[in-house]
Amino acid sequence: MGGKQEIRTSAGAPPVGAYSQGLVVGDFLYTSGMGPLDPETGQVTGDDVAAQTHRTMRNLGAVLEAHGLAFDDVIKATVHLQNLKQDFAAYNEAYKSYFTQPYPVRTTVGSDLMDILVEIDFVAYKGR
């Protein structure tokens, strides 16, 4: 199994701290938690949770694609919502539009986020 391989793409949200966009270990890709940052400007995009979820999913999709993966390869998602009760339904509709069944396993929690409404990270598997 070797070490870690960093995945970095300008098509996804740029890191704003000491972390990688993604790391490959063995047959697994682990993404960092990403939010709705525009890859070109680094600014938050979207005024509501649905728009922010779509931008976040496109950012994550860019990291998947940079390693030859797609949303169907995602096996686990962890999601943080600023306003869990208020925003869950709208977020869930946007999120599920990127997947087919069986959906990845998922944990969704309410969190105190910095100036964003949603943050998502993935674990994807490239064992085929």
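**Close-up views of a predicted model**

**View 1. The largest pocket holds about 340 Å³ of space.** The structure shown is a predicted model. The lining of this pocket is made of 19 residues. V16, Y19, L37, I116 and E119 are the ones that lie nearest the pocket centre. By class, the lining residues split into twelve nonpolar, five polar and two charged. As background, rolling a probe the size of a water molecule over the atoms shows where empty space is left.

**View 2. Six strands form an open sheet.** The strand order is β1-β2-β3-β6-β4-β5, and the pairing is mixed. Strands β1 (4-7) and β5 (105-110) are the edges, and each of them pairs on one side only. From one strand to the next, the twist averages 15°.

**View 3. Strands β4 and β5 run parallel.** Strand β4 covers residues 74-81. Six bridges join β4 to β5.

**View 4. Helix α2 lies across β4, β5 and β6.** Residues 84-96 make up this helix. Helix α2 runs at about 150° to β5.

**View 5. A cis peptide bond links Q101 to P102.** Omega of this bond is near 0°. P102 sits in the loop between α2 and β5.

**View 6. D115 has a positive phi.** The value is near 65°, and the residue is one other than glycine. D115 is found in the loop between β5 and β6.

**View 7. The whole chain, for orientation, has two helices and six strands.** From the N terminus on, the elements follow the order β-β-β-α-β-α-β-β. The radius of gyration is 14 Å, close to the 14 Å that the globule rule gives for 128 residues, so the chain is as compact as a globular protein of that length. Along the principal axes, the C-alpha atoms fill a box of roughly 45 × 35 × 20 Å.

Methods: Residues numbered from 1 in each chain as written. Predicted model: local features only at pLDDT ≥ 70, side-chain atom pairs only at ≥ 80, totals over all residues. Heavy atoms only, no water. 1 Å grid on protein atoms, 1.4 Å probe; cavity = no way out; pocket = protein on both sides within 12 Å on 5 of 7 lines; lining within 4 Å. Points joined across faces, edges and corners; volume = space filled by probe spheres on them. Nonpolar A, V, L, I, M, F, W, Y, C, P; charged D, E, K, R; others polar. Pairing = 2+ DSSP bridges. Helix = DSSP H or I, 4+ residues; strand = E, 2+ residues; numbered from the N terminus. Axes fitted to C-alpha atoms, helices over the stretch in contact; angles between N-to-C directions. Contact = heavy atoms within 4.5 Å. Rg over C-alpha atoms; globule rule 2.2 N^0.38 Å.
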